[in-house]
Amino acid sequence: GTTDQRKGFDFLPKIAAQLPESHHLIWVGGKQHTGFSYYVEQVCERLQSGAKIHILGSQKADYYNYLALADAFLLLSREDPYPLVMIEAAFLGKPIFAFQSGGVREFVQQGMGGIVQNFDVRALVDVMTQWKQGLLPTDATISKARASQFDALVQLKNWEKIMTTNFLS
């Protein structure tokens, strides 16, 4: 995501501060050149303890490689109607951890990760920790099956059915 407030970039150092130093948080996406993004980047650089933060910027050529190497996918958006990247992470079988915003609550099902309400950073870290400790089971096959429901060919058939039912009958 871009390094802006809507994408929850400012949650990154708050989460990192509550995770062990052995963890790495990788932010992939376009960098905004604003006072807000500069401030958050400086906070990330100055963290004295916690997870390591890597702000990589846009990674068009290696995007899927970074997504594939991750243990899990963390979506920090404050608002996002139906994030494509969430579907891509699920297609790769990655557990998804997110705040309850936008399309996340409609997409993520039991066994796919964890969603927390109210942009509660502590609750999000707790859910991630439970997963890491094996207390919150996830299943890559559930995630992949859910993502496959949003394949372009599947959605084309859904669209054709809607058009036929509503406009051509």
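Predicted model: local features only at pLDDT ≥ 70, side-chain atom pairs only at ≥ 80, totals over all residues.
Which helices and strands each supply at least two residues of the lining of the largest pocket?

Figure 1. At least two lining residues come from each of β1, α3 (63–69), β3 (73–75), α4 (84–91) and α6. The greatest contribution is that of β1, which gives five residues. The lining comprises 38 residues, and Ile-26, Ala-70, Ala-72, Phe-73 and Leu-74 are the closest to the pocket centre. By class, 22 of the lining residues are nonpolar, 11 are polar and five are charged.

**Figure 2. The largest nonpolar core and the surroundings of Leu-76.** This core has 22 residues, and those with the most contacts inside it are Leu-12, Ile-15, Leu-19, Leu-25, Leu-76, Phe-99 and Leu-124. The elements α1, β1 (24–28), α2 (35–45), β4 (96–99) and α6 (121–132) each contribute at least two residues to the core. Helix α6 gives the most, with six residues. In soluble globular proteins, nonpolar side chains tend to be buried together. Beyond its neighbours within four places in sequence, Leu-76 is in contact with Lys-7, Gly-8, Phe-11, Leu-12, Ile-15, Trp-27, Phe-99 and Leu-124. Another core, of 14 residues, lies apart from the largest one and includes Leu-67, Phe-73, Ala-89 and Ala-147.

**Figure 3. Buried residues of helix α4 and the elements that cover them.** Within α4, the residues Met-86, Ile-87, Glu-88, Ala-89 and Ala-90 are buried. Their cover includes α3, β3, β4, α5 (104–107) and α7 (140–148). After the helix comes Gly-93, which has a positive phi, near 80°.

Figure 4. A polar atom of the Thr-3 side chain lies 2.7 Å from the backbone nitrogen of Gln-32. With neighbours within four places in sequence left aside, the residues in contact with Thr-3 are Phe-9, Trp-27, Gly-30, Lys-31, Gln-32, Phe-36 and Ser-37.

**Figure 5. Gln-42 in helix α2.** Gln-42 has a relative accessible area of 17% and is therefore buried, the cut-off being under 20%. Between Gln-42 and Gly-29 the C-alpha to C-alpha distance is 17 Å, at a separation of 13 residues in sequence.

**Figure 6. Gln-100 in the loop between β4 and α5.** Gln-100 counts as partly exposed because its relative accessibility is 30%, a value between the limits of 20% for buried and 50% for exposed. Not counting residues up to four places away in sequence, Gln-100 touches Arg-105, Ile-115, Val-116 and Gln-117. With Gln-117 there is a polar contact between the two side chains, at 3.1 Å. Asp-10 lies 90 residues from Gln-100 along the chain, and the C-alpha atoms of the two are separated by 17 Å.

Methods: Residues numbered from 1 in each chain as written. Heavy atoms only, no water. Polar contact = N/O pair within 3.5 Å; in protein donor to acceptor, adjacent residues only side chain to side chain. Contact = heavy atoms within 4.5 Å. Core = buried A, V, L, I, M, F, W, Y, C linked by side-chain atoms within 4.5 Å. Buried < 20%, exposed > 50% of the residue type's maximum accessible area, 1.4 Å probe, protein only. Helix = DSSP H or I, 4+ residues; strand = E, 2+ residues; numbered from the N terminus. 1 Å grid on protein atoms, 1.4 Å probe; cavity = no way out; pocket = protein on both sides within 12 Å on 5 of 7 lines; lining within 4 Å. Nonpolar A, V, L, I, M, F, W, Y, C, P; charged D, E, K, R; others polar.
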